[in-house]
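Subject: Structure handover

Hello,

Here is the structure for your files. My notes on it follow below.

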Amino acid sequence: MKRPWAALGLVLALSVIMPRHADAQDKKSNKPVLGLNYPNPFNPQTFIPFTVGGYPDCPEPGKTYKTSITIYNVIGQVVAIPVLRGAAGGQNGATPLDHVSLPCGEYTAWWDGKVRSNGREAASGVYTILLEQDGVPVLRKAIVAK
């Protein structure tokens with residue numbers, strides 16, 4: 001670089017002009033969060049922590065969110081729909097998490113490790129957990145090990 005002072009001046013000028021943070025960082029998000037399932041790898045069951053509605057900030061208190069969790073195998077077939085663990089969000093425990101209305105909060109889903117179509121234990125391998133809140137998807141991998 002032939003003019004290092006010009007480059008340094010440009011960097012300093014941009015640091016003065018640029019805002020310290022973006023406006024989007026100030027707005028609280030109501031995006032869902034899918035935690036790490038435990039145990040992972042697992043056999044025969046696993047627990048899946050997740051939050052809905054931007055918990056713990058809850059930017060829209062009182063609003064409910066259509067929430068679903070689906071387990072897929074590596075070829076994209078639906079393997080299972082976990083159930084809500086315990087009584088939470090006005091729902092009974094063991095409610096399948098398929099388009100359930102939940103208020104902002106922290107929840108746990110439970111999967112017994114069985115395939116819903118035949119009731120047998122899922123084979124060893126990698127599975128995808130899909131959390132959807134009002135159409136917003138969040139993915140995470142889970143491993144069944146036998």
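How many bridges join strand β1 to β2, and do the two strands run parallel or antiparallel? Two bridges join β1 (residues 33-34) to β2, and the strands run antiparallel. Strands pair here if DSSP finds at least two bridges between them. Helices (H or I, at least four residues) and strands (E, at least two) are DSSP runs, numbered from the N terminus.

Some ground rules before the rest. This is a predicted model, in which local features need pLDDT of at least 70 and side-chain atom pairs count only at pLDDT 80 or more, while totals for chains, interfaces and linings use all residues. Residues are numbered from 1 along each chain as its sequence is written, and side-chain values use heavy atoms, with hydrogens and water left out.

Overall

The chain has one helix and nine strands, in the order α-β-β-β-β-β-β-β-β-β along the sequence. Of its 146 residues, 34% are buried (under 20% relative accessible area; exposed is over 50%, partly exposed in between; 1.4 Å probe, protein chains only). The accessible surface comes to about 9100 Å², and 57% of it belongs to carbon and sulfur atoms (Shrake-Rupley method, 1.4 Å probe; for residues, only the protein chains shown count as cover). Among contacts (heavy atoms within 4.5 Å) with a separation of 6 or more, 59% are between residues 24 or more positions apart.

Strand β2 covers residues 46-52, and six of its seven residues are buried, so it is largely enclosed by the rest of the structure.

Core

The largest nonpolar core has 25 residues, and those with the most contacts inside it are Phe 50, Ile 71, Leu 97, Leu 102 and Trp 111. At least two of the core residues come from each of β2, β3 (64-72), β4 (78-80), β6 (100-103), β7, β8 (125-133) and β9 (136-144). A nonpolar core is a set of buried Ala, Val, Leu, Ile, Met, Phe, Trp, Tyr and Cys residues joined through side-chain atoms within 4.5 Å.

Thr 70, in strand β3, is buried at 9% relative accessibility. Apart from its neighbours within four places in sequence, Thr 70 is in contact with Val 78, Ala 80, Ile 81, Pro 82, Thr 128, Ile 129 and Leu 130.

Aromatic pairs

A search of the whole structure finds four aromatic pairs. Rings of Phe, Tyr and Trp (its six-membered ring) pair if their centres lie within 6.5 Å; planes under 30 degrees apart count as stacked, over 60 as edge-to-face and the rest as tilted.

One of the pairs is Tyr 38 with Phe 47: the centres are 5.6 Å apart and the planes are at 25 degrees, so the pair is stacked. Tyr 38 is partly exposed, at 39% relative accessible area, whereas Phe 47 is buried at 16%.

Another is Phe 42 with Trp 111, with centres 5.5 Å apart and planes at 70 degrees, so this one is edge-to-face. Phe 42 lies in the loop between β1 and β2 and Trp 111 in β7, so the pair ties together parts that are 69 residues apart in sequence.

Arg 85 sits in the loop between β5 (83-84) and β6 and is partly exposed, with a relative accessible area of 47%. Leaving out neighbours within four places in sequence, Arg 85 is in contact with Tyr 38, Phe 47, Thr 108 and Ala 109. From Arg 85 to Ala 109 the C-alpha distance is 5.3 Å, across 24 residues of sequence.

Salt bridges

The count is two salt bridges (a side-chain nitrogen of Lys or Arg within 4 Å of a carboxyl oxygen of Asp or Glu). Lys 63 meets Glu 60 at 4.0 Å, N to O; Lys 63 is partly exposed at 31% relative accessibility, and Glu 60 is partly exposed at 36%.

Lys 146 meets Glu 121 at 3.3 Å, N to O. Lys 146 lies in the segment after β9 and Glu 121 in the loop between β7 and β8, so the pair ties together parts that are 25 residues apart in sequence. Lys 146 is exposed at 54% relative accessibility, while Glu 121 is partly exposed at 43%.

Regards
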